[in-house]
Amino acid sequence: MTDHSPPTGPVAREEVTGRPHAHERENADAYGKVYDVAVIGAGVVGSAIARDLSGHDLSVVLLDARDDVGDGTSKANTAILHTGFDAKPGTLESRLVRRGYELLSGYAEETGIPVERTGALLVAWNQEELDALPGLRDKAVANGYEHCEPVTADEVYRQVPALGPGALGGLTVPDESIICTWTTTLALATDARARGATLLLGHRVEGVERGEGAGQVDGAERGAGATTLRTPHGPVTARWVVNAAGLGADVLDGLFGHERFTVTPRRGELLVYDKLARPLADRIVLPVPSSRGKGVLISPTIYGNVMLGPTAEDLTDRTDTGTSESGFDFLLDKGGRLMPTLLEEEVTASYAGLRAAIDHGDYLIEPSADQGYLLVGGIRSTGLTASLAIAEHVRGVLAEAGLKLEPRLDLPTPPHMPNLGEAFVRPYQDAALIAEDSAYGRVVCFCERVTEGEIRDAYLSPLPPAGLDGLRRRTRAMNGRCQGFYCGARVDALVATKGGTCPADKGGTCQEAAE
């Protein structure tokens, strides 16, 4: 029987006093055992898979090359919870996006992941696009979504008055939603670890050694009936390996001797506009999709901003997440035609993410049972919505390949995540919470209204941030208009002691620490 108990002990106190956090202490014991399943890639898909498998009598390890979960493709997702209305009917992607919408909607409600049901409006700007709308509605019906409705140009402008001139008509998608992609990945990884999964961050897989009979579910010594993953910190051995490595999935696939696909990093640049722009776009404005993707959209964000983008530029460098002058000019040109008044608002931030485009028209989820290996590749931007359904599908594929799956009856309660959504009550607005703990009444980041209590909580959480970027994703600190110019010193004062400098019970403040 596998021991699924998460590490115990005074984690919060150890974090404040600078001793290793619980998941860091796990690393010392990770190299001397044979796991049932190793999942490579702690993005939203890999974390969902690890969570699902940890709900069974299995020992699971989740590895990632980076120092934090969700630090790759997942963090730069456009953060739309898709209905799957425009997926290619009959594909695995179509089925999993539809199922994933249902599963993630329920999981978000259960864990406090913020979701806003904004709806979307597909806008046709020329006759060809207008003629394509009935076909898109038919496609939606074929995908099991029957709520799309065509609308006239007058109705388009009634719904989104700020649109530029020239719209000829539209198609409504009332159930499209916006979600916090950062909180989603963090919730899934936190849940996986609470269920007993081991998390190994900073563990890039550099080599693979396959033992005879990998994939067996009965006992096996290291190197016999198991695969050993070579990492800079030591070997990690498992009977089954799930490749959810995103941009690196084809490289890892090659280590297992396969040459079935190639990942092309596709850079998507976005502009994020100030919260004062939010009244201009209260729903997602979509273009008619093309073969290169969904095109440039205008969307409200869960944090109260408005987003314009993304671009779609194929690169060779898998690390190039820098923004470009050409991308900026392209978005301004598109934005000027789509919604001219948006360009009069302040740009809060610009950023870029890389999507794993592949030479295959569908999700690529294929087992190699003789190797104890499962590829989960070609997961596009819809992977956020489909994540839980992908995990469910992966479980079924592994079961068919011979992995014994015995559901557990002792699962812990899913985590309740801090709210980062602007449409819901935040700690600085919660008088009862502030009365219990005054740290929630001391605002550190005024642009985003982030309090001392939230930063402290981030460092006391089961998966604390590894750096400032991780703190941003957990609290929104320094993500606002000033980008940390005014609050940077106060945030640094907390970061220096990982949230322990000025908790409420010590009577100090971050302002005093900064001075």
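Strand 18 (347–358) supplies the largest share of the lining of the second largest pocket, five residues. This is a predicted model, in which local features need pLDDT of at least 70 and side-chain atom pairs count only at pLDDT 80 or more, while totals for chains, interfaces and linings use all residues. Residues are numbered from 1 along each chain as its sequence is written, and side-chain values use heavy atoms, with hydrogens and water left out. Helices (H or I, at least four residues) and strands (E, at least two) are DSSP runs, numbered from the N terminus.

Let's stay with that pocket for a moment. Its volume is about 710 Å³, and of the 31 residues lining the pocket, K75, W182, A349, Y351 and N479 are the closest to its centre. Besides strand 18, the elements that give two or more residues to this lining are strand 8 (177–179), helix 7, strand 15 (297–300) and helix 13. By class, the lining splits into 13 nonpolar, 11 polar and seven charged residues. (Ala, Val, Leu, Ile, Met, Phe, Trp, Tyr, Cys and Pro count as nonpolar, Asp, Glu, Lys and Arg as charged, and the others, Gly among them, as polar.)

A pocket is an open set of points on a 1 Å grid over the protein atoms alone, with protein on both sides within 12 Å along at least five of seven lines; a cavity is a set where a 1.4 Å probe fits but cannot get out, and lining residues have an atom within 4 Å of a point. Points are joined across faces, edges and corners, and a volume is the space filled by probe spheres set on them. D68, V69, G70, S74, K75, T181, W182, T185, L186, R473 and R474 line the largest cavity. Helix 7 and helix 13 (468–475) are the elements giving two or more residues to that lining, with helix 7 giving the most, four residues. The cavity lining has three nonpolar, four polar and four charged residues.

| Helix pair | Angle | Axis separation |
|---|---|---|
| Helix 3 (44–53) and helix 7 (181–194) | about 30° | 8 Å |
| Helix 12 (452–460) and helix 13 | about 115° | 10 Å |

Axes are lines fitted to C-alpha atoms, for helices over the stretch in contact, and angles run from 0 to 180 degrees between N-to-C directions. Helix 3 and helix 7 are therefore roughly parallel (an angle under 35 degrees). V44, S47, A48, A50 and R51 of helix 3 meet T184, T185, L188, A189, D191 and A192 of helix 7 (contact means heavy atoms within 4.5 Å). The crossing of helix 12 and helix 13 is right-handed. There, E454, I455, A458 and Y459 of helix 12 touch L471, R474 and T475 of helix 13.

Most residues other than glycine have a negative phi, and most peptide bonds are trans. M478, in the loop between helix 13 and helix 14 (488–495), has a positive phi of about 70° although it is not a glycine. G309 and P310 are joined by a cis peptide bond, with omega about 0°.

Key: Parallel < 35°, antiparallel > 145°, perpendicular 65-115°, else oblique. Left-handed = near helix turned anticlockwise from the far one by under 90°.
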